[in-house]
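Subject: Structure handover

Hello,

Please find the structure below. Notes on what was found in it follow.

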Amino acid sequence: MKRLLICRHAKSSWKDLSLTDRDRPLNKRGKRDAPMMGKRLHRRGISPDAVITSPARRAAKTAGHLAKAVHFSTTHIQVVDSLYGASPSSIIELLRTVDDSLATVMVVGHNPECTMLANFLGGLHIDNVPTCGVVALDFHITHWQHVKKGEGKLVFYDYPKKDPAP
């Protein structure tokens, strides 16, 4: 069994228009939501074996907040340049290279790719994964190389404005 957590970065700031898109930080809401969603993941017993993030500042900061909350060492977060602007198919290709000893992988990226990836892999019909939203999919496979369309079973879909699970 493999579990994939598809996480969209938390809300980012547009305050400083001189910054490149890659350099935009989290805004006040993003700084609140990312730790809160991390706590929700922790309450669900989420314990990733790997956290992979886009190099965009807002994604990396989101990954850090989520990782801290689930007691994953932030020094072990993998920053993968190709996740910035990645297509769902290139994210799948990345997943297919993940070491099979890792059962639970968290990927922190961007939209529309997060929504498209969740829908493609899980056979879902999510209109839009909100900022800091998380889609968890389980795959009945032993090798990440076998991740494919429609094979993911939805475990949960959570986001900041959704009522938290009891």
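Val70 sits in the loop between α2 and β3; helices (H or I, at least four residues) and strands (E, at least two) are DSSP runs, numbered from the N terminus. This is a predicted model, in which local features need pLDDT of at least 70 and side-chain atom pairs count only at pLDDT 80 or more, while totals for chains, interfaces and linings use all residues. Residues are numbered from 1 along each chain as its sequence is written, and side-chain values use heavy atoms, with hydrogens and water left out.

Val70 is buried, at a relative accessible area of 5%. Here buried means under 20% relative accessible area, exposed over 50%, and partly exposed in between (1.4 Å probe, protein chains only). The C-alpha atom of Val70 is separated by 6.6 Å from that of Ile46, 24 residues apart along the chain.

His71 is also placed in the loop between α2 and β3. His71 is not a glycine, yet has a positive phi of about 60 degrees. With 64% relative accessibility, His71 counts as exposed.

A positive phi, about 65 degrees, is found at Cys132 too, again not a glycine. Cys132 belongs to the loop between α4 and β5 (134-139) and is buried, at 1% relative accessibility.

The peptide bond between Asn111 and Pro112 is cis, with omega about 10 degrees. Pro112 lies in the loop between β4 and α4 (113-122).

On the sheet: six strands form an open, mixed sheet in the order β3-β2-β4-β1-β5-β6. β3 (78-79) and β6 (153-158) are at the edges with a single partner strand each, so one side of each has no neighbour in the sheet. Two strands pair if DSSP finds at least two bridges between them. Strands β2 (residues 50-53) and β4 (residues 104-109) run parallel and are joined by four bridges; Ala50 has Val105 as its bridge partner in β4.

On the surface, Lys15, Lys31, Arg57, Lys61 and Lys68 form a patch of positive charge. Patches take residues with over 30% relative accessible area and no salt bridge, like charges being joined within 9 Å and nonpolar side chains (Val, Leu, Ile, Met, Phe, Trp, Tyr) within 5 Å. A salt bridge is a side-chain nitrogen of Lys or Arg within 4 Å of a carboxyl oxygen of Asp or Glu. Helix α2 (residues 57-69) gives the largest share of the positive patch, three residues. Lys15 is in the loop between β1 (2-8) and α1 (28-43) and is exposed, at 78% relative accessibility.

Regards

Note on methods: Accessible areas come from the Shrake-Rupley method with a 1.4 Å probe; for residues, only the protein chains shown count as cover. Lys and Arg count as positive and Asp and Glu as negative; His and the chain ends are not counted. The place of a charge is taken as NZ of Lys, CZ of Arg, CG of Asp or CD of Glu.
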